[in-house]
Amino acid sequence: MIKKKSKLLPLSLLAVMLAACTNTSEPAGGNRPNGAEAGTGPLNVSITLMGGPKTPDAWVETALEEELSASLNRKVDMENMFLPGWSDYKTKLNLMMGDRKSMPDILWHSDMEKEYASWIQAGVLVDLVPHLQRHGQNILNYYTEDTLFYSWDNGKMFRVPGDVAELGSMTTMLRKDWLDKLQLPVPTTIDEYIEVLRAFTTEDPDGNGERDTYGFVGDHDWRAFAPFFYSRGVDVDQFLVQEDGTVKYGATMPEVKDALKQLQELYAEGVIDPRMVTPNVSAGDLFAEGKVGSLYYWVSFLNEGHPKQMSFKEINPGGEYIALEPMKGPAGFSADVPSDGKGWSFVSVTGAAEEPEAVVQVLNQIASKETNTLIKFGKEGGALQAGQRRIRQPDRRRQGEATRPRQLYVDHYAQG
Ligand SMILES: [Ca+2]
């Protein structure tokens with residue numbers, strides 16, 4: 001607690017400090033031509049990517065380079081450094097950060113607080129405050145002071161949030177149109193929920209005369225089954241304080257066994273989509289495909305501007321997902337795990353960047369609405385690849401403030 005206290009700084013002061021220098025004669029947006037003060041030759045920027053363009057020189061990379069070159073008034077070459085995936089990315093990032101020669105200019109990281117502290121200690125991250133003041137207006141405008149405050153470190157800032165989870169973060173979502181078609185009520189208990197999942201599997205909710213739907217799906221991860229665990233008061237990956245004050249590891253509690261038995265039965269019945277047992281299938285794609293009735297997933301997927309929601313509507317024009325209250329378990333208990341407001345993924349600039357100021361300009365430009373719309377949806381009037389299918393260019397008016405995502409546009413590029 002003492003350590004925390006030393007970092008306390010009134011938010012208004014933070015705002016003043018971050019806003020310093022922005023009342024000068026610089027043009028809005030921070031995209032002033034920078035010929036004299038920074039380099040004018042080609043700018044090479046390497047960036048670690050969890051998703052995004054998985055092939056070198058993909059159209060999105062080329063389009064982004066064109067956009068960046070125009071806005072920075074010099075040739076910008078992006079070098080994508082692909083991370084191996086959720087199970088191995090930390091090892092890879094640690095290796096990269098161990099040697100200045102292998103460091104990316106822009107480092108995407110998540111759930112690496114210990115390493116982050118050591119990188120600061122080792123002086124390999126760039127203090128972004130002066131650069132954000134000069135060139136980071138899109139980024140600064142995007143987040144509230146409260147959100148940025150979590151990345152504030154005694155007057156310095158070594159990272160900006162890439163994505164701040166929406167309140168609640170994940171939720172149980174369900175096909176309301178299927179519920180209506182089968183004339184079933186919205187489930188409130190885990191038993192009612194399971195009956196609905198069974199009906200979604202066996203009663204042809206999509207009305208095509210074939211048994212080609214599933215009740216439940218998720219990513220290849222225990223958390224996908226959260227409704228079955230949380231309704232029993234267990235989280236398999238946490239230490240939980242018991243009523244008698246003792247602490248148990250969730251996975252060892254007997255309630256987990258009950259939930260697993262139930263899941264095993266549902267899998268055998270064909271209620272759980274078998275595609276989720278392979279790590280290569282994304283539940284987000286299956287969400288969009290529209291052949292499953294329910295999943296525990298990121299609430300942002302319910303936003304009408306989310307790419308997967310738009311794909312879903314394109315494929316299933318009458319389809320509708322709703323968010324459910326947490327299911328009540330056998331003992332009447334219900335729970336969910338709310339998210340914090342500090343962000344779950346971050347972007348830093350490392351000491352490998354020869355021109356950190358220009359790198360922040362790149363980040364700021366990626367964070368602009370125009371560039372992000374390009375990255376996300378392709379050129380106006382064109383079409384783009386969305387998974388294996390092509391979707392129409394969406395109406396940009398729908399991308400307004402009402403559906404503004406909480407994910408900084410930088411992260412849309414870094415994660416795809
Ligand atoms: Ca069917």
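Residues are numbered from 1 along each chain as its sequence is written. Because the model is predicted, local features need pLDDT of at least 70 and side-chain atom pairs count only at pLDDT 80 or more, while totals for chains, interfaces and linings use all residues.

The protein chain contains 17 helices and 15 strands; these are DSSP runs numbered from the N terminus, with helices (H or I) of at least four residues and strands (E) of at least two. Of its 416 residues, 36% count as buried. A residue is termed buried if 20 or more other C-beta atoms lie within 10 Å of its own, exposed if 12 or fewer do, and partly exposed in between, with C-beta atoms placed from the backbone. Among contacts (C-beta atoms, placed from the backbone, within 7 Å) with a separation of 6 or more, 74% join residues 24 or more positions apart.

The predictor's confidence in each residue is given by pLDDT, on a scale from 0 to 100. Its mean over the protein chain is 82, and 78% of the residues reach 70 or more. Over residues 21-36 pLDDT stays under 50, and the model has 20 contacts beyond four places in sequence for this stretch. Residues 382-407 also have pLDDT below 50, with 38 contacts beyond near neighbours in sequence. Where pLDDT is low, the predicted coordinates should not be read in detail.

A nonpolar core is a set of buried Ala, Val, Leu, Ile, Met, Phe, Trp, Tyr and Cys residues joined through C-beta atoms within 7 Å. The largest such core has 42 residues, of which Val45, Ile106, Leu128, Val359, Val362 and Leu363 touch the most other members. Helix H15 (residues 356-366) supplies the largest share of this core, six residues. Apart from neighbours within four places in sequence, Val359 is in contact with Val45, Asp105, Ile106, Val349 and Ala353. A second, separate core comprises 39 residues, including Leu179, Ala226, Ala283 and Leu295.

Leu295 also belongs to a strand pairing, as the bridge partner of Met173 in S11. Strand S7 (residues 170-175) is mostly covered, with six of its six residues buried. Met170, Thr172 and Leu174 point one way from S7, whereas Thr171, Met173 and Arg175 point the other way. Strands are said to pair if DSSP finds at least two bridges between them. S7 pairs with S11 (residues 292-298) in the antiparallel sense over five bridges. S7 and strand S12 (residues 321-324) likewise run antiparallel, joined by four bridges, and Leu174 stands opposite Ile322 in S12.

Helix H3 (residues 59-72) has 14 residues and should span 20 Å at 1.5 Å a residue; its end C-alpha atoms are 20 Å apart, which agrees. The expected span is 1.5 Å times one less than the number of residues. Val60, Glu61, Leu64, Leu68 and Leu72 are buried in H3. Seen down the helix axis, the buried residues of H3 fall within an arc of 95°, so they line one face; the arc is that of the directions from the axis to the C-beta atoms. The face turned away from this buried side carries the exposed residues Thr62 and Ala70. Just after H3, Asn73 takes a positive phi of about 65°.

Asn154 has a positive phi of about 50° although it is not a glycine. Asn154 is placed in the loop between strands S4 (152-153) and S5 (156-157) and is exposed, with 8 other C-beta atoms within 10 Å.

Note on methods:
Contact = placed C-beta atoms within 7 Å.
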